[in-house]
Amino acid sequence: MSILPFTPPIVKRLLGWKKGGESPSPSSQSPSQQQQNSGQDDKWCEKAVKSLVKKLKKTGQLDELEKAITTQSCNTKCVTIPRPTQILRQKNRSLDGRL
């Protein structure tokens, strides 16, 4: 079941390759708190993958990313994630916005 209103098939396929990342839950959390944290994590992951897909579609590298993930081979091309235009315009600032 998708957390967000519409999830494109490519996003679903890429989310299917999500690895572990689940740390042991502290025993002080109730099962409902653990489930809520898991739901928030799933939503964040889906948003992050959607954002990545959107960026890579613009550069034509989306197919190469999917190929690299599904084949898990070092014989695929490098996939670079483009920087946001705002950061490129602010040459005097660091990536986190400091001067």
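Predicted model: local features only at pLDDT ≥ 70, side-chain atom pairs only at ≥ 80, totals over all residues.
A nonpolar core here is a set of buried Ala, Val, Leu, Ile, Met, Phe, Trp, Tyr and Cys residues joined through side-chain atoms within 4.5 Å, and buried means under 20% relative accessible area (1.4 Å probe, protein chains only). Helices are DSSP runs (H or I, at least four residues), numbered from the N terminus.

Residues are numbered from 1 along each chain as its sequence is written, and side-chain values use heavy atoms, without hydrogens or water. Local features need pLDDT of at least 70 and side-chain atom pairs pLDDT 80 or more, while totals for chains, interfaces and linings use all residues.

Now for H3. Its buried residues are Leu-62, Glu-64, Leu-65 and Glu-66. Leaving aside residues up to four places away in sequence, Leu-62 touches Ile-10, Val-53, Leu-56 and Lys-57 (heavy atoms within 4.5 Å). Just after H3, Gln-72 takes a positive phi of about 45 degrees.

H1, H2 and H3 turn up again, each giving two or more residues to the lining of the second largest pocket. H2 gives the most, with five residues. Of the 13 lining residues, Leu-14, Trp-17, Lys-18, Val-49 and Ile-69 are the closest to the pocket's centre. The lining divides into ten nonpolar, one polar and two charged residues.

Notes: 1 Å grid on protein atoms, 1.4 Å probe; cavity = no way out; pocket = protein on both sides within 12 Å on 5 of 7 lines; lining within 4 Å. Nonpolar A, V, L, I, M, F, W, Y, C, P; charged D, E, K, R; others polar. Buried < 20%, exposed > 50% of the residue type's maximum accessible area, 1.4 Å probe, protein only.
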